[in-house]
Amino acid sequence: MSLSAYMILAFGAGLAGFVQGLSGFAFGLVAMSVWAWVIDPKLAAPLAVSGALTGQIVAALTVRRGYDLRRLAPFVLGGLAGIPLGVTLLPWLDIDLFKVMLGTLLVVWCPAMLVAKDGPRLTVGGRLADSLVGLGGGLLSGLGGFTGTLPTLWCTLRGYEREVQRAVIQNFNLAMLLVTMLTYLGTGLVTPTMLPAFAVVLPAMLVPTFLGTRAYVGLGETTFRKLVLGLLTASGIALLASALPKVL
């Protein structure tokens, strides 16, 4: 890998770390949107998972949030079922087509929620719906650390307050990313040739992640909701920009 590629890796890690520290999710989305131009998806996925996991550990230590086990359990149980599916699909996945599908979902749905005066509040489905969303989050985690995308969107649709949403997403992401990383290691998806890239990504994202967690403390409810939906929209645009030309 060239020096310029390592610099892009470091930049993507730092940017993704700050966003994750601020919002509680999106490391994989932000990092992949930068890294997609320079590295193979089979390398990007383990890097995104390791970076996101490290960021969640930093957030857990600096922005501590309790959790409601009854509320969290369906997400986690569904996610644990989804991770093996994602890991199994990863070697066979058309990564560009996947990015187009996910990017389209984010670009169409999130701006609609953003411009709505009062966001929709879904109360149907109960714990079963939460577990299905967790299943999707786990599957996306196995595919490359996109763990929090669907649960974050779902928590916004549920109308959870900022602190409740942060607690669900932070604890869900931490559990899913830990299991995903262990699965990557156990199945041989992480190889010794990847170590130089890990040595660049992990230090590069530590300070930005901490700065993001500090910025989060000053956010109000409305600002946080707009930030989350704006980041999801921007991530969708970035995914489409990197993948749509290849698909077409």
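Student: Why are helices α8 and α10 called oblique to each other?

Tutor: In this predicted model, α8 and helix α10 (residues 221-247) pack at an angle of about 45°, with their axes 10 Å apart. Roughly parallel would require an angle under 35 degrees and roughly perpendicular one of 65 to 115, so the pair α8 and α10 is classed as oblique.

Student: What makes the contact between α8 and α10, and how do its residues divide into nonpolar, polar and charged?

Tutor: On the α8 side the contact is made by Arg162, Glu163 and Gln165, and on the α10 side by Glu221, Phe224 and Val228. Three of these residues are charged, two are nonpolar and one is polar.

Student: How do you know that the length of α8 agrees with what its residue count predicts?

Tutor: Helix α8 covers residues 162-187, and at 1.5 Å a residue its 26 residues should span 38 Å, whereas its end C-alpha atoms are 37 Å apart, so the two values agree. Following α8 comes Gly188, with a positive phi near 80°.

Student: Why is α7 called roughly antiparallel to α8?

Tutor: The axes of helix α7 (residues 149-158) and α8 come within 10 Å and cross at roughly 160°. Because an angle over 145 degrees counts as roughly antiparallel, α7 is given that description relative to α8. The crossing of this pair, α7 and α8, is right-handed.

Student: Which residues bring α7 and α8 together, and how many of them are nonpolar, polar or charged?

Tutor: From α7, Pro151, Thr152, Cys155 and Thr156 meet Gln165, Val168, Ile169 and Phe172 of α8. Five residues of this contact are nonpolar and three are polar, with no charged residue among them.

Student: Why is α3 described as oblique to α6?

Tutor: Helix α3 (residues 41-62) and helix α6 (residues 126-144) have axes that come within 7 Å and cross at roughly 120°. Roughly perpendicular covers 65 to 115 degrees and roughly antiparallel begins over 145, so α3 is oblique to α6. Ala45, Ala48 and Val49 of α3 make the contact with Ser141, Leu143 and Gly144 of α6, and these residues divide into four nonpolar, two polar and no charged.

Student: What is the helix content of residues 75-92 and of residues 197-217, which the unreviewed UniProt entry lists among its transmembrane regions?

Tutor: Residues 75-92 are 83% helix and 0% strand, with end C-alpha atoms 26 Å apart. For residues 197-217 the chain is 95% helix and 0% strand, and the end C-alpha atoms are 31 Å apart. The label "transmembrane region" comes from the UniProt record, and such annotations may be inferred rather than shown by experiment.

Key
Residues numbered from 1 in each chain as written. Predicted model: local features only at pLDDT ≥ 70, side-chain atom pairs only at ≥ 80, totals over all residues. Heavy atoms only, no water. Axes fitted to C-alpha atoms, helices over the stretch in contact; angles between N-to-C directions. Helix = DSSP H or I, 4+ residues; strand = E, 2+ residues; numbered from the N terminus. Contact = heavy atoms within 4.5 Å. Nonpolar A, V, L, I, M, F, W, Y, C, P; charged D, E, K, R; others polar. Expected span 1.5 Å × (residues − 1). Left-handed = near helix turned anticlockwise from the far one by under 90°.
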